[in-house]
Amino acid sequence: MKLEEFLRLNAPEELAQVTAAIAGASIMVWENIPFKSGLLFDINPSGERQKAIDVFSNDAFVDALTGTEVVREVASEEMAEPVEAKGELSVAMDPLDGSSNVETNNPLGSIFGLYSKRLPCSGRSLLGALYVTYGNAITITLSFAKGVHRFVAVKKGAEMSFELLGLDLKIPEKPEVYGIGGSRKDWVQPVRDFVDSFEARGMRTRYCGTFVGDYNQVLSRGGIFAYPEQTGMPQGKLRVLFETAPVAYINEQAGGYATDGRRNILDIQPRRLAETSPAYMGSAPLLHELERLVSSAG
Ligand code: FDP
């Protein structure tokens, strides 16, 4: 089944329009990766150097989203202020997740949260979320409150389309892999102790350094992705609106659990667009255990 048909049958009209626009722009972004990976002398609002492909992907998705006429605002990790438009939906996006991996050709991604309220707001206002992975194939993993579904880009002749790859994906409860960001020496003690128990549980480490690339394998194999609170970085690194809340939403729809160590990530009410929080997500039993350990440590 093609993405368009799935959307026609399963998604509210405005979410279908936004998803189709993102799908089209994601192909354009992927095609431009080899041509636009040189460094620009520019800095994004979080103080990171912007590369040409970051700017290109930001502009491509902003144009595609505002072109739908159902989007009210687009906030992006790459822009200090949201772009205003005339529709009803608020979109928060990380247009190119893991862009420090461009040169090494590790997987990259794009993340989108589709919110009913003005930004910033909590993940409880998400109507849907999706992420794109640019790995050995381009995939879109999405949820509109009724399960998690995945599509893969397929080229037939000159035409590129997204075909259904998996319906109603569920995260395995038995954990198999783990990927934890930051520096082990800086993780808080309960996280270090918990991670030390993983090998004895038969889990293996797998980490590529791109959030959605690392989370994506956890969704398939079971386990945990985390970017913990660290000494000197108590709020972690990942942004709630653009990154962790949309993926936490998908994770929950797949039967998993996502926490900042004390509460469900979807309950965080960010006060700023770029607010970060510690993030732990994956198989529900493992994540509830982690939350108990971290929260009882104070
Ligand atoms: P990047 O800086 O390359 O864009 O949020 C950004 C992110 O990548 C995530 O995709 C990734 O999980 C994390 O940062 C990696 O950070 P570390 O290099 O500190 O592990």
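This is a predicted model: local features need pLDDT of at least 70, side-chain atom pairs count only at pLDDT 80 or more; totals for chains, interfaces and linings use all residues.

Student: How far is a polar side-chain atom of Ser100 from an oxygen atom of the ligand?

Tutor: Polar contacts are pairs of N or O atoms within 3.5 Å. Asp97 places a polar side-chain atom 2.6 Å from a ligand oxygen, and an N or O atom in the side chain of Tyr207 is 2.9 Å from an oxygen atom of the ligand. For the polar side-chain atom of Ser100, the separation from a ligand oxygen is 2.5 Å.

Student: What share of the ligand's exposed area does the protein bury?

Tutor: The reference is the ligand taken alone, which exposes 470 Å². Of that area, the protein buries 81%.

Student: Which pocket does the ligand take, and how do the residues of its shell divide?

Tutor: The space taken by the ligand is the largest pocket.

Student: Which residue of β4 stands opposite Glu73?

Tutor: Strand β3 (residues 71–76) runs antiparallel to β4, and 2 bridges join them. Opposite Glu73, the residue in β4 is Glu84.

Student: Where is the cis peptide bond that ends at Pro120?

Tutor: Most peptide bonds are trans. Pro120 is found in the loop between β6 (108–115) and β7 (126–134). With omega near 0°, the cis bond runs from Leu119 to Pro120.

Student: What phi does Ala145 take in the hairpin of β8 and β9?

Tutor: Strand β8 (residues 138–143) pairs with strand β9 (residues 148–156) in the antiparallel sense over 5 bridges, and Thr141 stands opposite Arg150 in β9. The hairpin has 4 residues between the strands, and Ala145 is found in this loop. Most residues other than glycine have a negative phi. Ala145 is a residue other than glycine with a positive value, near 70°.

Student: Which turn residue has a positive phi in the hairpin of β9 and β10?

Tutor: β9 is joined by 7 bridges to strand β10 (residues 159–166), and the two run antiparallel. Bridge partners include Ala153 with Phe162 of β10, and Lys155 stands opposite Met160 in β10. The hairpin has 2 residues between its strands. In the turn, the residue with a positive phi, of about 65°, is Gly157.

Student: Which are the edge strands of the sheet of 5 strands?

Tutor: This open sheet is also mixed in its pairing, and its order is β12-β11-β13-β15-β14. An edge strand pairs on one side only, as do β12 (204–205) and β14 (257–259).

Student: Which residue of β15 stands opposite Tyr257?

Tutor: Strand β15 (residues 279–282) runs antiparallel to β14, to which 3 bridges join it. In β15, the residue opposite Tyr257 is Gly282.

How values were computed
Residues are numbered from 1 along each chain as its sequence is written. Side-chain values use heavy atoms; hydrogens and water are left out. A polar contact is a pair of N or O atoms within 3.5 Å; within protein, one must be able to donate a hydrogen and the other to accept it, and residues adjacent in sequence count only if both atoms are side-chain atoms. Accessible areas come from the Shrake-Rupley method with a 1.4 Å probe; for residues, only the protein chains shown count as cover. On a 1 Å grid over the protein atoms alone, a cavity is a set of points where a 1.4 Å probe fits but cannot get out, and a pocket is an open set with protein on both sides within 12 Å along at least five of seven lines; lining residues have an atom within 4 Å of a point. A molecule sits in a cavity or pocket if more than half of its atoms lie within 2 Å of its grid points. Two strands pair if DSSP finds at least two bridges between them.
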